[in-house]
Structure formats: structure tokens, C-alpha cells
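Here is a friendly walk through a two-chain model, from the meeting of the chains down to single residues. Keep the structure open beside the text as you read.

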Amino acid sequence: MNTATKKKFSKDDILVFFLKNRSLLLVLIFSILLSLSTSTFLTGNNLMSLARQISANCIIGVGYTLLLASDSVDLSAGYMMCMIGIISGLLSQIEGMPFLAILLICIVVGAACGSWNAFIANKFKLPPFLVTLAMQQIFKGTLMLLSNGSPIGNLNPGIIFMGQGYIGPIPFPVILMVCFIAVGAVIFSRTQFGRDVIAIGGNPEAARVSGIGVAKTRILVSALLGVTIAVTALVSCGRVASAQTTLGGDTVMDIIAAVVIGGTPMGGGSGTVVGTLFGCLVIGLISNGLNLLRVSSFWQMVSKGVIILVAVILDVYSEKIYERMRNKD
Amino acid sequence: MKLLEAKGINKRFYSTCALSDVDFDLEEGEVLALAGENGAGKSTMMNVLLGIHRPDEGAMTLAGRPYAPKGPHDALQQGISMIHQELRLVPSMTVADNVWIGRVKNFSSGGIYFPERCVEASRKLFEEYGIELNPKERVANLSVAQMQMVEIARAVSYDSKIVIMDEPTSALSDKEVEVLYKIIRRLSAAGKSIIFISHKLEEVFEIADRVTIFRDGRKISTQRVADITMTDLINGIAGREVKDLYPKLDVPRGEKVLEVRGISKAGTFSDISFDVHAGEIVGFCGLVGAGRTEIMNGIYGIDPIDSGEVLLEGRPALSRTPRQALDHGIAMVTEDRLRRGVIVKMNVKLNMTLAYFYKICRGTFIDRRRETRDASDMIKTLRVKTAGPEMPIWSLSGGNQQKVMVGRALLTRPKVLILDEPTRGVDVGAKSEIYQYCNQLAKEGMAIILISSDLPEVMGMSDRLLVVREGRIVGRHSRGEATAEQLMAEMFGLSSTTQNTEGSSK
């Protein structure tokens, strides 16, 4: 940027920009703190592993952003992911099963489970919270039945590649993450479907009266979430080269925290996919930083909770400052 | 004696001036009406009185002492309560609980709440003011008018020195309006002051002692109601001569566009038949709850009908969802703007293009340039007062939000436009603008259905009038062939033989 355009920005403009993109500000603060307090943070290796760490949550985060923006919620995402992981493990055991078939089956299962959640909630007019609370148990039980309670190794090489592969110097999960973010952002802000989602989150009655198919859109949103869950399941299993039965326990809470910190409100009606990327980065930086600082894993849990709490409070607070500043001009 | 006095109040939002240098006073025991267009500053002034907004400049006194409320709760404790235009009730609680909300302590002993005491207190209050409500009924089961009465009862229950009523009659039928008038007269006789905001100017003359007119954030005048005429009042509000409130044009009647044949829905309406031609405005009158809105919801697919036929240009056009109706070319501006209309979190542009943007998608992508252009054009056409299409919808006044809703329907390029109470809570100027635009649309060949509880309005605007009572059409009249008294008699079911003055069209 040259100095001529720089001069146009006042201090207020910069403040407004960061208030609008609060999660980006948090990312910068954390990064600066970590690069000052550790010598290992700002190394290519660490940054790449950070990107890989957040890639799984970020892919689901894209689907979850749409879901939260439509004023819905899904508690079953973690166990759904785990179950799909187990399914991919079982399919890997079948002789001659091509990777593409496994991928396709997993995606179809994800989409079906997601649609099922939304379908039941719509059909019986139940809050998605309760439906997915129950479904979470069903998924958990199913995955235990399928796996007999023990992890499955010997995965298809394609799955391993999804978790551990590289294209050039860049890990494959990171490439996947970037693709999902890009496609998600375009769907969200540039298509009719994205607009429908925000409208439904803002006022479902008004949306319906304006000719938007509310039930249809909600089911589609959940199906898309299911697809992102399926892809993430393969990435996560591939990374450890085995389908674990304990995968995804904390996933839902981390993702909700990331999406909300990213700027999509719990009540729906607006949202940002790119913000979710920054939200995931914030969560990732917390784990990464605490690891680098050699904080014990139990303390890590506590401090992670505290930091998320502070981040959310800051979020609400800066929203108010932003409103006040807009009010002034 | 002056009970409340405000001097030199200034208030700005963003870059617009909401109140500039307003002096305002209220005497003890009087009914003061506030008149003015939407966005003239009435609501802002009331929000200042309630402490929702802090004025940028100016000072107030209440009963001679300085008054600077910190918020509605503080205002309430200093003796000012308000009936809000939008209902603020908890549907899952009883009438009594809603009336006495936040005051559970009054009905508790040793921390235990005794609901029956609360019910008893409500019963006494209702009796005193002639309100017909069952205190034990759940609010969710009430009609909108009854909910409004709960709001009124709540405001009265605080025994405040000043009661502010913001459009209290907009959801009430004539019978309940009478009850409200009685309540107001009682309060005033007991030395309480009332600030009464209404767009129905007849009500100002009916109930108020004085009237204060606001325009563009300024106070224009305060006069005794006895000293002025309706024309004075209208001209004061509009700031210009409004010659004809209902500027109906005579438009030649075109082809039959919409034909409704014997549609019914169990428990709400039965055997409704009518048709609407191009260039025609067909008005529906009836009491609140007579079934007018339900019939339109049936045609528009919000609550699908049980039986009967709907034809559009001779082809079947039965709609089971609003989307189907829009695809057929039927658009509707719904009555309940907050629940079924605006999306508060979206800006003006997105609210306006909500119903039509699926028509301008190139493939799966929204044609955003065209969307912005169409929205801006519509803002200009309807003269929506806003700083720009990107402004949040809540920054607009009620009348301008309503224009956005009309714009949303019109952007779908409908053949039939259904307007359900399009001017409720809308000021004289915007009303007249909306109607002039309706005329324009009719001239261009649109078929329009108009529902309004404002009798002079629907009589003035419609080519034909249909009267609905208890889910049936009980009267059909051509323009100018029925008097207001006749229509009222039909609406209330007073005349034993319903007349049919509709001429040649049958």
C-alpha cells in the first residue's frame, strides 16, 4: 500500500476494521504474544502443523457456520464424525474396495444423517438441540456396535493420504480446508441458498411468507454439514492411521466456540465463513501456544476454557463499541 | 399545573436529527394527543421521556423537580408507564402473570408466590376498568386485540401519574376501543395524564384535550382540540395541503385476473367466492377476526385452504406454499409486519429483495448488481426515507418499513397484489403515497385486493367492497353505493337481510 492511500485511513477507520473483524484481532494478539514468548512459534514447521491442526475443525466449521446462521444447532456432530470414521475403517477391510467408493459412501452417510436430524426436527416441530442430543447417543451406540468398542487399523491408503498426504510442501488437509472455506464463503454470500439461510435465521415466518422453502433449506443445510463432517472424519482418521472410537468427543464445543468467535451469532441471522477460519485459528493458537509453553494438559483444558470465555466476552463488548462508533458518525 | 415539562430537547442518530429543539409540556389530568408522520419524532420523544434515549441537549422536569430517567424502569418508578405499539407479553404465562410481571414480590409471603392473589388483583383491576378478560387464561390463547387489552391493563396497573399510549387502538375492534376510551376518561378524571399517539385522526378529536403536532423532528404546534378542524390537523401533520386523502382514479376495468370459487377452511371461513379484474381494487371490510386475513392467507398459501378453486387468468392457481403463489403471480403484504414481515437483522436492500431474488439468480449466483439497482429504484419509487439501501431496517420508521414490505411484494412483478392492512401504523403522508402508488399500479393493469379496518379508507380506495362476517361474505357493493352505516350494520350483523348493491358485475 502506498502512502497516498494510507493517508485516507484515520485511526478510527483502523479501529472500526478490527472491531468488525474481531477474530482477526485476536489472532494477531495471540500470534504476537506467542512469537515474543517462545522461539519456536514463528517457525515454518510449527505454523504448518498449526494449519494442519485446525484444518479438521475448520472444514466442519464451514458447515456449522451455515447451521448457526440458520438459527439451528447440532450436538451430534462429534459422534457422527466418529461413526463415519468407523464406517470408513470397516470399508477399508473389504478386499478390493476402491478409495473413491469409500469416500462416496461416507459422504452419503454424512448427508443422510444430517438430513435426518433436520427432517425429524421439522417433521415433529422439535428443537434441533433435543433431536441432536438424542441422535448423539444413537450415533455413539451405533459406532460401538459397529466397532465392537475397539479401534480399526489398516485403513485404505486414500484415507491415510487425506490425513497425512502432501501436495508439494503443503499438507493435503490444509488444501482441503482452503477449498472448503472458499466454496463455503461463495455459497454463503453469493448464492440464493446462502441468502435463504440468513433470512431463515433472521425470521423464519417472514422467510416463509416471502416464498422461501424453510424446511427444504434447513434440511439442505444439515446435509451439507453432514458432508463436511464426513470429509473431516476421513482426514482425522487418516492422520492417526486408525479409526478411533474416541474421536470427536470435544469437537462440537470447539467448533461452536470457533464459529461464534469468528462472528456468527448463536441466534442466527448473519454469519461469515471466513470469520470461522479466524475463529478456528484462535482456538488452534490457544492449544498450539499452550503446548509450546509446556503447560500441562489438564491446565490446558482450564486455560482454554478461560480464554474462550474471555474471547466471547470481548466479542460482545467490542460489538457494543462498534455500534456506538457507528452511532456517532 | 404543568406535570411534565421538557425544554430544548435535541437528539441525533447517526447523521440524522431525530429531535431538534423540542419544547414539550403535559398538564395534570389531561389527554394530550401526539400527531405526526412516521419518523416525525413522536416515538423518539417518548423514548426520551422513558429514558431509553438520553437527549443530547435539553432538560426535563417532572412535577417541578428535575427529571432525567436512566431507563424505562427508572421512569416507571418515577410515575411514567407506557403501552407499547409492539406487544411485549410472555405467551406461555397467564393474563394475570403478564399484567403484574416483575412484581411477584407483591403477591408473595416469605418468598413464596401465591398466584391466586395475583389473579384476585387482576380481577379487581379488570372490574374497575370494565376489561373483559379471564385472568387465568394463557396469553398464547388470546386474540391480538385481547393481548393489546392485557398490555393496557398492565400499564394501568402501575398506578402511574403519566400513561403513554403508542397506537393502542391499531389492533382493537370498535368495541374494545370504546372500553379503552372509558379507561382513558377514568384515568383522566382521577388526575392522571395521558399521552395518546394515534394515526387515526378521528380518535384525536374523540378523546384528546390538546394535540401536539410533530414534523421532521420539530414540534410544530400545540393546540386545544376544540379550536381546530380535521383539515387544520392534516395540513399541520403533512406540512402541505393534502387535498384528497383517497385519490382514487377511475381505471377502466380489464380482463378477469383472479377468480376464487367457493374456497373453505374448516373453522375459519367457508364458501368464499369473488373475482378481481385487471385495474381493479377490491376492498374487504369486516371486524378484526372476521376472517379476512385468513381468506387471504389461504389464497397466498400461508395456511392452505381445504376445498375450493383459485384461478389465475383462467388457469388453476391453488397455492400450498407462498412460493407457489409467487410463481403463479400472486404477492401479498402481510398484516403482521414484525412477525411475518421484516427481518430485523437484514438491511433495507436485503429485506426488499427477499421475495424476488430467486428470480434474478444467474445459475446459482445472485446478480448482485441488478439486486442493488432494483432495490435502489424501488426505494426511489416508493419514496422510502432512508440514508441508503445498506442501512439497517430498524433504523427506519414504521411507515417506511411498510413501504419496504410493499416494495418486496412489487419486485416479484405480481399480477395480483394482496395488501393486508397496508396502512396500519402508517402516517397520513405515507398513507397517501402508498395509495397513490396503488392507483398507479391499478392503472398499469394490476389486480389489487385491499384489506383495511379503516372504513373511510377502504371505502375511498375500492372499486368494489366485500363485507366479511364470521368467515362468510355477507355483502357486495360497488363503489359509492353503500354508506358507512350500511357497511357497519353488515359487519356487526345488525341488519336481518343483507343487501346486495353490486350492480352489473353479477
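Two residues are in contact if their C-beta atoms, placed from the backbone, lie within 7 Å. The model you are looking at is predicted. With that cut-off, the contact takes 19 residues from chain A and 25 residues from chain B. On the chain A side, helix H10 (192-202) and helix H11 (204-209) each supply at least two residues. The largest share of that side, five residues, comes from H10(A).

**Chain A and its helices**

The UniProt record, an unreviewed entry, lists residues 24-44, 76-94, 100-119, 166-188, 219-241 and 273-292 of chain A under "transmembrane region". Two of these stretches can be set side by side:

| Stretch of chain A | Helix | Strand | Distance between end C-alpha atoms |
|---|---|---|---|
| Residues 100-119 | 100% helix | 0% strand | 28 Å |
| Residues 166-188 | 74% helix | 17% strand | 29 Å |

Two packed helices are described by the angle between their axes and the distance between the axes. In chain A, helix H9 (residues 172-190) and helix H14 (residues 273-292) have axes that come within 8 Å and cross at roughly 140°. H9(A) and H14(A) are therefore oblique to each other. Which residues meet there? From H9(A) come A:Ile181, A:Gly184, A:Ala185 and A:Phe188, and they meet A:Val273, A:Val274 and A:Leu277 in H14(A). The residues of this contact divide into six nonpolar, one polar and no charged.

**The build of chain B**

A compact globule of 506 residues would have a radius of gyration near 23 Å, and the 24 Å of chain B agrees with that. Of the 506 residues of chain B, 48% count as buried. Among contacts in chain B with a separation of 6 or more, 67% are accounted for by residues 24 or more positions apart.

Is B:Ala290 buried or exposed? The cut-off for a buried residue is 20 or more other C-beta atoms within 10 Å, and B:Ala290 counts as buried because it has 23 such neighbours. Leaving aside residues up to four places away in sequence, B:Ala290 touches B:Val468, B:Arg469 and B:Glu470. The C-alpha atoms of B:Ala290 and B:Ile473 are separated by 9.8 Å, though the two residues are 183 residues apart along the chain.

**Two positive phi values**

Most residues other than glycine have a negative phi, and most peptide bonds are trans. B:Asp271 has a positive phi of about 50° although it is not a glycine. This residue sits in strand S14 (residues 269-277) of chain B, and with 13 C-beta neighbours inside 10 Å it counts as partly exposed.

B:Glu421, also not a glycine, has a positive phi near 50°. Its place is the loop between strand S21 (416-420) and helix H15 (428-443) of chain B. B:Glu421 is buried, with 23 other C-beta atoms within 10 Å.

Terms used: Residues numbered from 1 in each chain as written. Chains lettered and ligands numbered in written order. Predicted model: local features only at pLDDT ≥ 70, side-chain atom pairs only at ≥ 80, totals over all residues. Rg over C-alpha atoms; globule rule 2.2 N^0.38 Å. Buried ≥ 20, exposed ≤ 12 C-beta atoms within 10 Å, placed from the backbone. UniProt positions renumbered as here; feature names shortened; annotations may be inferred. Helix = DSSP H or I, 4+ residues; strand = E, 2+ residues; numbered from the N terminus. Axes fitted to C-alpha atoms, helices over the stretch in contact; angles between N-to-C directions. Parallel < 35°, antiparallel > 145°, perpendicular 65-115°, else oblique. Nonpolar A, V, L, I, M, F, W, Y, C, P; charged D, E, K, R; others polar.
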